[in-house]
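Please consider each answer with the model in view.

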Amino acid sequence: MLNLDVFTMTAKRIASVKNIIALLFLVFGMICNGYSQVEFEKGYIIDKNDNRIECLIKNLDWKNNPEIVKYKIDPTDEEMAATLETVKAFQVYGYSKYIVSQVDIDRSPDELSNLSSSRDPIWSSEKLFLEVLIEGKASLYKYESANFTRFFYTVDTAPVQQLVHKEYKVEGGVDNYTVQKVGENNTFQQQLLNEVNCGGVTVSQVKLIRYSESELVKYFKKYNVCNGGESGKRVENEAATTERVKRDVFIVKVSPGMNYTQLTATSPAGEDHEYEKTFSPRLGIEGEFIFPFNKNKLSFLFEPSFQSYKADKTSGSGSIDYASIEFPVGLRYYFYLNQTSRIFLNLHYVPVTPFIFNSKLKIRSDYELEIKTGDNFAIGAGFASGRFSGEVRYYLRKEMTRNYSLWDSPLKTVSFILGYQLFKIKSKG
């Protein structure tokens with residue numbers, strides 16, 4: 001027979017978790033957007049009359065192609081707006097360059113649930129800022145939105161065209177059942193073979209090229225070298241820098257520290273069993289992947305860590321002896337103070353851990369509960385300089401006896417964490 005109390009409590013917990021996730025991501029986004037530092041950096045714009053104007057551009061390190069760009073001629077000037085109608089190109093030295101072009105673009109959705117049933121592109125003529133990936137005899141451009149990425153190209157003085165790649169639905173029947181498959185229109189491979197071919201590329205070779213930035217950049221570089229020119233540059237480095245700014249890509253650090261933990265277990269009868277607040281060691285290994293936009297400010301975290309808590313009850317007999325390995329994942333946002341020092345905020349999600357070692361929760365000497373933890377969240381703030389970092393992290397309540405629906409046993413922890421960077425991997429520039 002279905003236990004309605006258990007069902008109701010489970011439903012409430014699921015709803016609570018969803019609310020916490022939504023709230024934490026909302027707060028994290030608001031904080032990061034509200035306090036992120038955006039710098040005006042050296043660059044130039046090309047106006048409608050082909051005049052090149054050296055200026056300071058508000059560098060948002062765009063993930064999605066912009067529609068409006070803010071700039072100043074002098075640091076004390078008011079902001080001005082460069083739009084698709086007022087400029088032909090702009091560049092932030094060492095970061096990125098964009099041109100304005102009137103192109104035909106296919107905006108067919110890429111999500112599997114929304115794929116078109118038509119193999120052919122659905123064209124619309126639009127004026128866009130296109131990011132310059134390669135410049136040379138053959139040039140390569142990128143347009144990225146929240147939902148898709150499209151690549152464009154031109155050879156010599158030909159108009160800019162989209163390299164065509166489209167996924168679409170294909171329906172077929174098998175034994176009276178309708179089967180839906182995904183087809184691919186890889187016209188871009190034929191475009192490369194016909195128009196960006198120095199003579200040595202075969203059909204079988206071009207069919208191996210995927211519709212990705214890294215493979216297309218590599219292909220266009222080879223084409224330009226084959227035609228007696230340079231391989232092409234992602235950025236024209238005419239002033240402030242001699243190479244594209246290198247980015248941190250992946251960082252690994254060791255993260256030892258101390259946990260300050262407390263537990264109160266409440267019985268079905270409403271009786272509270274409090275356990276001592278104690279300090280205990282923790283040790284983690286943190287992997288940090290830096291997202292390739294927003295100027296190294298946002299990263300994804302994965303931190304396997306050992307946690308423990310051992311304490312007696314504050315009154316009467318009873319104790320807890322708990323040890324586990326957790327696998328938190330999360331986001332980090334940096335606020336740079338200078339080239340080497342930065343403040344950061346973390347948001348972690350801690351899934352249910354499968355690794356709990358010989359752990360016991362004794363309510364009395366003769367009454368013991370099995371420890372089975374729930375998931376929880378953590379919010380942290382810290383400071384980093386060079387290889388070293390320090391962080392204070394607050395873990396929201398973790399249910400320690402989730403197999404006992406009528407018991408309420410929240411574990412609350414504050415962690416004091418030191419970090420030491422073991423190594424980092426940087427982009428090639």
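This is a predicted model: local features need pLDDT of at least 70, side-chain atom pairs count only at pLDDT 80 or more; totals for chains, interfaces and linings use all residues.

Q: What makes a residue of helix 2 count as buried, and which residues are they?
A: Buried means a relative accessible area under 20%.

Q: Against what do the buried residues of helix 2 pack?
A: Their packing partners are strand 9, strand 10, helix 3 (203–206) and helix 4. Contact here requires heavy atoms within 4.5 Å.

Q: Why is helix 2 called roughly parallel to helix 4?
A: The axes of helix 2 (residues 187–195) and helix 4 (residues 213–226) cross at roughly 10° and come within 12 Å. Angles under 35 degrees count as roughly parallel, and helix 2 is therefore roughly parallel to helix 4.

Q: Which residues make the contact between helix 2 and helix 4?
A: Helix 2 contributes Phe-188, Leu-192 and Glu-195, while helix 4 contributes Leu-216, Tyr-219, Phe-220 and Tyr-223.

Q: How do you know that the length of helix 4 agrees with its number of residues?
A: The expected span is 1.5 Å times one less than the number of residues. For the 14 residues of helix 4 this gives 20 Å, and the end C-alpha atoms are 20 Å apart, so the two values agree.

Q: Which residues of helix 4 are buried, and what shows where they lie around the axis?
A: Leu-216, Val-217, Tyr-219, Phe-220, Tyr-223 and Asn-224 are buried. Viewed down the axis of helix 4, the buried residues fall within an arc of 165°, and therefore they line one face of the helix.

Q: Which elements do the buried residues of helix 4 pack against?
A: They pack against strand 7 (123–134), strand 8 (138–144), strand 9 (149–155), strand 10 (161–163) and helix 2.

Q: What does the face of helix 4 turned away from its buried side carry?
A: That face carries the exposed residues Ser-214, Lys-218 and Lys-222.

Q: Why is Ser-214 called exposed?
A: A residue is exposed when its relative accessible area is over 50%. Ser-214, a residue of helix 4, has a value of 52% and is therefore exposed. The C-alpha atoms of Ser-214 and Leu-133 are separated by 10.0 Å, although the two residues are 81 residues apart along the chain.

Q: Where does Asp-61 lie, and why does Asp-61 count as buried?
A: Asp-61 lies in the loop between strand 2 (52–58) and strand 3 (68–72). The limit for a buried residue is under 20%; Asp-61 has 6% relative accessibility and so counts as buried. Asp-61 is not a glycine, yet its phi is positive, about 45°.

Q: Why is Asn-358 called exposed?
A: Its relative accessible area is 73%, so Asn-358 is exposed, the limit being over 50%. Asn-358 lies in the loop between strand 20 (355–356) and strand 21 (360–364). Phi of Asn-358 is positive, near 40°, in a residue other than glycine.

Q: What makes Val-414 partly exposed?
A: Val-414 has 23% relative accessibility, and so it counts as partly exposed. Val-414 is in strand 25 (residues 410–426). Beyond neighbours within four places in sequence, Val-414 is in contact with residues including Met-258, Tyr-260 and Arg-393. The C-alpha atoms of Val-414 and Tyr-395 are separated by 6.2 Å.

How values were computed:
Residues are numbered from 1 along each chain as its sequence is written. Side-chain values use heavy atoms; hydrogens and water are left out. Axes are lines fitted to C-alpha atoms, for helices over the stretch in contact, and angles run from 0 to 180 degrees between N-to-C directions. Helices (H or I, at least four residues) and strands (E, at least two) are DSSP runs, numbered from the N terminus. Angles under 35 degrees count as roughly parallel, over 145 as roughly antiparallel, 65 to 115 as roughly perpendicular and the rest as oblique. Buried means under 20% relative accessible area, exposed over 50%, partly exposed in between (1.4 Å probe, protein chains only). The arc is that of the directions from the helix axis to the C-beta atoms.
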